[in-house]
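User: Could you walk me through the structure shown here? I would like to start with the aromatic rings and then move on to the helix packing.

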Amino acid sequence: MFIINHKKFFIGFSVFLVLASVALITIFGLNLGIDFKGGSLTEVSYAGVRPDVTAIQEIIEPLDLGEALIQPSGTDSFFIKTRYLSEAERVALLGSLSNNSIEQVTEKSFNSIGPSVGTELKKKAIMSMIFVILAIITFIAFSFRGVSRPVSSWKYGLIAVVTLLHDIIIPVGVFALLSHYSGAEVDTLFVVAILTVLGISVADTIVVFDRVRENIKDNFAPTFREIVGHSLTQVYQRSINTSLTVIIVLLSLYFFGPSSTKNFALMLTAGMFFGTYSSIFLASPLLVWIEERQAKRALKK
């Protein structure tokens, strides 16, 4: 009952986190990768000693490739992000890197996406997220259609949507901060992470809501707040243990996995953490808060 008794604190803390994340997104913005704005990504490796970033910038500058972002990868490689490159420009880039280095330079990968393709991917990513959210709302409304007291079934769906927004906005705010200070970019893996967070978040919330529904049917306690409080004690340990297991795996991927999946692992870790937090410390207190407001209105009438 601790969480329910201090529901105003937990709801207020969640509101603070969301507002802080919105501020970070507004101030820093999100750095779109070539998947969404178009461009070319070249990964090269050096057989011996890798030069520093300044030396690579001096080599690239005469090629007139526009603003280039150079990021070290591992111990012997670089990612070079530029505007969209033609085949001739790609060959010229590799030739300059090879001619100006005493070490052997190897092209490990080259990806190029035109601006129109990037715009199309952006639209599809947004549509995917909207579709997933609508599907989740429909599923919850159907699953809880038999629940009408003391909180209507559609309000369960409303609370689920609120927690979904909470679980998306906060990790995106964290990513905006990371993007500003480390140059992390929004790519297709970022979108996959967001969609995964949506599924994880709603799954945890439904587990809690389902337990509340069953306890209402069984008249588990005399008041709704006691039913919700007891329901939390029945499920929170399972939710936390499951999430911790997944978070440990994701942190291992972040620290020991390839650089290409680090941002993906970080977003999933943040989403998993805040998704579990919201299902326990936000969704359930909101249920009780809505029920108590309904009761107060009924007394006034």
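**Aromatic rings and helix packing**

Analyst: Phe9 and Phe13 both lie in helix 2 (residues 7-28), where they are 4 residues apart, about one turn of the helix; helices here are DSSP runs of H or I with at least four residues, strands are runs of E with at least two, and both are numbered from the N terminus. This is a predicted model, in which local features need pLDDT of at least 70 and side-chain atom pairs count only at pLDDT 80 or more, while totals for chains, interfaces and linings use all residues. Residues are numbered from 1 along each chain as its sequence is written, and side-chain values use heavy atoms, with hydrogens and water left out.

User: How many aromatic pairs does the structure hold?

Analyst: There are 11 aromatic pairs, where rings of Phe, Tyr and Trp (its six-membered ring) pair if their centres lie within 6.5 Å, and planes under 30 degrees apart count as stacked, over 60 as edge-to-face and the rest as tilted. The rings of Phe9 and Phe13 are stacked, because their centres are 6.2 Å apart and their planes are at 5 degrees.

User: Are those two buried or exposed?

Analyst: Phe9 counts as exposed at 55% relative accessibility, whereas Phe13, at 35%, counts as partly exposed. The cut-offs are under 20% relative accessible area for buried, over 50% for exposed and in between for partly exposed, with a 1.4 Å probe and protein chains only.

User: And what about Tyr46 and Phe78, how do their rings sit?

Analyst: The rings of Tyr46 and Phe78 have centres 6.2 Å apart and planes at 90 degrees, so that pair is edge-to-face. Tyr46 belongs to strand 1 (residues 39-46) and Phe78 to strand 3 (residues 77-82), so the pair ties together parts that are 32 residues apart in sequence. Tyr46 and Phe78 are both buried.

User: Which charged end sits over the ring of Phe78?

Analyst: That is Arg50, whose charged end is 5.1 Å from the ring centre of Phe78; a charge sits over a ring if NZ of Lys or CZ of Arg is within 6 Å of the ring centre and within 35 degrees of the ring normal. Lys262 lies over the face of Tyr254, also at 5.1 Å from the ring centre.

User: Switching to packing, how do helix 9 and helix 10 cross?

Analyst: The axes of helix 9 (residues 224-256) and helix 10 (residues 262-281) come within 9 Å and cross at roughly 170 degrees, the axes being lines fitted to C-alpha atoms over the stretch in contact, with angles from 0 to 180 degrees between N-to-C directions. The two helices are therefore roughly antiparallel to each other, a label for angles over 145 degrees, with under 35 counting as roughly parallel, 65 to 115 as roughly perpendicular and the rest as oblique.

User: What classes of residue make up that contact?

Analyst: The contact of helix 9 with helix 10 has 16 nonpolar, 4 polar and 1 charged residues. Ala, Val, Leu, Ile, Met, Phe, Trp, Tyr, Cys and Pro count as nonpolar, Asp, Glu, Lys and Arg as charged, and the others, Gly among them, as polar.

User: One more: what does Ala193 touch?

Analyst: Ala193, found in helix 8 (residues 188-217), touches Phe264, Met267 and Leu268, not counting residues up to four places away in sequence, with contact meaning heavy atoms within 4.5 Å. Ala193 counts as buried at 0% relative accessibility, and its C-alpha is 9.1 Å from that of Leu266, although Ala193 and Leu266 are 73 residues apart in sequence.
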